[in-house]
Amino acid sequence: MGKGMRWDSKPLSLHYKHNHIFVKFGVSILLLGLAFRLFSSDSIRISSVLEETHTPPLAEPEPKTESPVVSQPIQPPLASVFPENETQTSEIVAEKCDIFMGDWIADESGPAYTNESCHVIEGHQNCMSNGRPDSGYLYWRWNPRNCKLPRFNSERFLDLMRNKSWAFIGDSISRNHVQSLLCILSQVEQAVEVYHDEEYRSKRWHFPSHNFTLSVIWTPFLIKAAIFEDLNGVSSSEIQLYLDKLDEKWTEQYKDIDYAVIAGGKWFLKTAIYHENNNITGCHYCPGKNLTELGFDYAYRKALQLVLNFITSNDHKAFVFFRTTTPDHFENGEWFSGGNCNRTMPFKEGEVDMRDIDTIMRDIELEEAEKAVEVGSGNGVILKLLDTTRLSVLRPDGHPGPYRQFQPFAKDKNAKVQNDCLHWCLPGPIDSWNDLLMELVVNGEKYR
């Protein structure tokens, strides 16, 4: 802002007439000075506002209900300026921004819950109880570059969702995501589990004080599939995938869902035989079968087109989020060949690129979602993209790694154990996905 101006007065020794002229002249100078100060002050303020505005496949883990609670010391990273603890408001800004473009910034306030305050964390994601020694990964928060992302407000969310139902539809990453939301909401009200399937992959919870229902529906392909593998990912035969039929496991429940978060994923990278119009039309990675190699991208696009067409043409007008693919961070091998993820800090923009497979899948998702959003808007369907891929690429530190198992090095510090570099520790980076979800529900019109 402009500095204050000081005027020095001196005794005048001139004749009164001349003195009168100088007084007029002095008043004129004063008025001009004040006008210039106001103008420069506004210019600086406008410039400041503009600067502020434009600143730049792993085997599915066997679901478990709970794991032993072991306290670990939690220490924030020794970094930086921390943002204020904001909450969602209905304030609308004039200029829209991309909420998915940003950086992970240090945040000393830490997660909204711990492994001690939330009791629904599955054992494979309960990194602190399983003995992970570092805790710096808990003290980072997603920060969009051109707009502010408020923290998730559990009380307001539950009030907004009174008498409503949410469903997370997809594979084990969707289950990982719903557990994060459950943990955040449990700080206000504990949910009651009211249903689970035989394998504990699909579940439903009820929040009695708000009559709010939250569920996860396990359907890794979203379309009809015959899967021949056990809970450890060991397959006895190729997956049979029906590219023109949806999985009724979720479509039959769709009419009762008010909000849905739908996602495809890494299952499309598995060996599979493709069926269309009751005929086998090809496959993905099936050497020796004498079938046409159509590729996982062919099947993924077909599946998404079928799913999104069902949503946009449906008489039931749910509020739907389509979440993009989740990257893994295996280094020095894959999950089955000794790959690990030992990093303890986020990447910065430009330090890492998306893998080719993730780029292919995300490009398909963006193309098909863009077309579906346009169709849906004409049919009264709210369909929004939840583009978590790029922000997730930057968090190699947020996975369980060897701590998918309880105290893996308790008996042998050099033990060779399988790492999980796909799913996310709870608490962990996936919690920020719920900040994004709530902001899009409350203030979705702010964002492009």
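Contact is taken here to mean heavy atoms within 4.5 Å. The structure is a predicted model, in which local features need pLDDT of at least 70 and side-chain atom pairs count only at pLDDT 80 or more, whereas totals for chains, interfaces and linings use all residues. Residues are numbered from 1 along each chain as its sequence is written, and side-chain values use heavy atoms, with hydrogens and water left out.

Helices (H or I, at least four residues) and strands (E, at least two) are DSSP runs, numbered from the N terminus. Ala226 is placed in strand S7. Leaving aside neighbours within four places in sequence, Ala226 is in contact with Glu238, Ile239 and Gln240. The C-alpha atoms of Ala226 and Ile239 are separated by 5.7 Å, and the two residues are 13 residues apart along the chain. Relative accessible area was classed with a 1.4 Å probe on protein chains only: buried means under 20%, exposed over 50%, and partly exposed in between. Ala226, at 22% relative accessibility, counts as partly exposed.

Pro220 is found in the loop between strand S6 (212-218) and strand S7 (223-226). At 4% relative accessibility, Pro220 counts as buried. Neighbours within four places in sequence aside, the contacts of Pro220 are Gly170, Asp171, Ile227, Trp267 and Phe268. A separation of 8.4 Å is found between the C-alpha atoms of Pro220 and Lys266, which are 46 residues apart along the chain.

Helix H6 comprises 23 residues (356-378). The expected span of a helix is 1.5 Å times one less than its number of residues. The buried residues of H6 are Asp358, Met361, Arg362, Ile364, Glu365, Glu368, Ala369, Ala372 and Gly376. These buried residues pack against helix H5 (296-312), strand S12 (319-323), strand S13 (382-386) and helix H7 (389-393). Just after H6, Gly380 adopts a positive phi of about 80°.

The disulfides were examined next. A disulfide is a covalent bond between the sulfur atoms of two cysteines. The criterion applied is a pair of cysteine sulfur atoms within 2.5 Å, and by this rule the count comes to five disulfides. When the bonded cysteines of the protein chain are numbered in sequence order, the pairing is 1-4, 2-5, 3-10, 6-7, 8-9.

The link of Cys127 and Cys425 is left-handed, with -95° about the S-S bond. Cys127 lies in the loop between strand S1 (102-106) and strand S2 (140-144), and Cys425 in the loop between H7 and helix H8 (431-443), so the pair ties together parts that are 298 residues apart in sequence. Cys127 counts as buried at 0% relative accessibility, and Cys425 likewise counts as buried at 0%.

A disulfide also joins Cys341 to Cys421, with an S to S distance of 2.1 Å. The torsion about the S-S bond of Cys341 and Cys421 is about -90°, so this disulfide is left-handed. Because Cys341 lies in the loop between S12 and H6 and Cys421 in the loop between H7 and H8, the pair ties together parts that are 80 residues apart in sequence. Cys341 is buried, with a relative accessible area of 7%, and Cys421 counts as buried at 0% relative accessibility.

Cys283 and Cys286 form a further disulfide, their sulfur atoms lying 1.7 Å apart. The link of Cys283 and Cys286 is left-handed, with -60° about the S-S bond. Both Cys283 and Cys286 are buried.

Pockets were located on a 1 Å grid over the protein atoms alone, a pocket being an open set of points where a 1.4 Å probe fits, with protein on both sides within 12 Å along at least five of seven lines; lining residues have an atom within 4 Å of a point. Grid points are joined across faces, edges and corners, and a volume is the space filled by probe spheres set on the points. The second largest pocket has a volume of about 460 Å³. Of the 25 residues that line the second largest pocket, the closest to its centre are Gly110, Pro111, Ala112, Arg151 and Asp435. S2 and H8 are the elements that give two or more residues to this lining, and the largest share, three residues, comes from H8.
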